[in-house]
Amino acid sequence: MDFDLTDEQRAIAGLCREFARDEVKPRAEEMDAKAQFPYDLVAKMAELGLMGLPFPEEYGGAGADTVSYALAVMEIARADASTGITLAAHVSLGSTPFYLFGTEEQKRRYLVPLARGEMLWGFGLTEPQAGSDAGGTRTRAELREGRWIVNGTKAFITNSGTELTGGTTITAITGTDAKGRPEISNFIVPQDTPGFTRSKTYRKMGWKASDTRELSFVDAAIPEENLLGRRGGGLKQFLTILDGGRISVAALSVGLAMGAYDEALAYAKDRHQFGQAISKFQAIQFKLADMLMEIEHAKLMVLKAAWEKDNGRDYVMTASLAKLYSGEVSRRVVNEAVQIHGGYGFMDEYPVSRMYRDQKINEIGEGTNEVQRLVIARLMGL
Ligand SMILES: Cc1cc2nc3c(=O)[nH]c(=O)nc-3n(C[C@H](O)[C@H](O)[C@H](O)COP(=O)(O)OP(=O)(O)OC[C@H]3O[C@@H](n4cnc5c(N)ncnc54)[C@H](O)[C@@H]3O)c2cc1C
């Protein structure tokens, strides 16, 4: 077994670590306080080739592997979770549907500008009444005179309303299948479609600098060719996207935990009580040791899932385990990082305060902890 990263993987991780440390971290507190979307950082990530990292060069990407992508997300999220999710959602939710299910023309038209980072795109699965039960979609699309007429609402859609957003890919019911169940298909809905509107960004507990909106479709008419993939294959296609997305979200969780550990370690060495640095107290040393142990474990799980994906193995179980475990690790690590900061950890000028708020969504987004356990149990054959 070889645990060494390749030269390319190491170089990408190093590049992202420097960029995140020098350009993202200094901005994180202000962006959070002002709920300010990081347009300039998105432009820089595009320049660095991160916005299309795992896609082939012929489609505007950097042709890197999933391990490199996971390392990149970790390093960015280590500095700021909002910038991390903006990148991760762009790659794994916004762009991947075109890469996996798009026609050659759709790839050229949408994936190329997305991979170059010239455009962002939303992934519209969740609805007000259909969250964990994603198959409970109520949005409908009806084919009339060569156009799909879409009606419905989507909730909590990331990157769906920025100035760079070109549209959102959605699930919608297009009829009933042979067993009488709803037939669900995927559609490409460009931003300028009449009848398609976006709410203001939600006021959120965390990920404040990321863009999350409710979408509304009222007789929104799109061309017939905006069907993405096979008619009736829409739910399966989106669930496949979420399998890969779990590696992304797990990497985000590990990155956030790494950032909280960095802060806690530095603070423990600096803060003096009872005449010595608090890092000299065994109680604090044990917390830091446990934090590092859990981060290392979670990171290995994420990289294993990414490696399995890169090597054409079945990675679904590992990705689910990694997503669940990393989310829980991020909660424990961030909680202890605040504890090590004492009262200062409760103050907004300390990054761990923001990290504490940013953490919670890691256990909710792209499959809650409960749903993740259901997925794992199902994969066990239970
Ligand atoms: C900031 C943010 C960004 C997001 N971005 C996107 C996006 O880009 N695209 C998108 O499509 N969605 C997005 N989501 C939606 C996210 O994926 C959902 O919030 C998540 O899947 C949970 O759905 P829900 O919120 O409706 O909760 P519910 O499904 O209503 O769950 C409520 C509670 O019930 C539990 N529960 C539900 N079913 C079961 C069960 N069978 N067994 C046991 N417990 C159960 C859940 O675990 C949870 O604790 C985003 C959400 C947020 C908050």
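The questions and answers below concern the ligand and its surroundings in a predicted model.

Colleague: Where does the ligand sit, and how many residues surround it?

Modeller: Start with the site. The ligand sits in the largest pocket. Among the closest residues are F156 and T368.

Colleague: Which side chain has an N or O atom 2.6 Å from an oxygen atom of the ligand?

Modeller: Take the polar contacts one by one; the cut-off is 3.5 Å. T126 places a polar side-chain atom 2.7 Å from a nitrogen atom of the ligand. E370 has a side-chain N or O atom 2.7 Å from a ligand oxygen. The 2.6 Å pair belongs to S132.

Colleague: How much of the ligand's accessible area does the protein cover?

Modeller: Begin with the ligand on its own. Its accessible area is then 970 Å². Of this, the protein covers 63%.

Colleague: Which element gives the largest share of the shell?

Modeller: Two elements each supply at least two shell residues: α10 (369–379) and β3 (147–158). The largest share is three residues. That share comes from β3.

Colleague: Which domains each give at least three residues to the shell?

Modeller: Look at the shell by domain. One contributor spans 121–235, and another spans 239–379. These are domain 2 and domain 3.

Note on methods:
Residues numbered from 1 in each chain as written. Predicted model: local features only at pLDDT ≥ 70, side-chain atom pairs only at ≥ 80, totals over all residues. Heavy atoms only, no water. Near = heavy atom within 4 Å. Polar contact = N/O pair within 3.5 Å; in protein donor to acceptor, adjacent residues only side chain to side chain. Areas by Shrake-Rupley, 256 points an atom, 1.4 Å probe, with all protein chains shown as cover. 1 Å grid on protein atoms, 1.4 Å probe; cavity = no way out; pocket = protein on both sides within 12 Å on 5 of 7 lines; lining within 4 Å. Sits in = over half its atoms within 2 Å of the grid points. Helix = DSSP H or I, 4+ residues; strand = E, 2+ residues; numbered from the N terminus. Domains from an automatic or database assignment.
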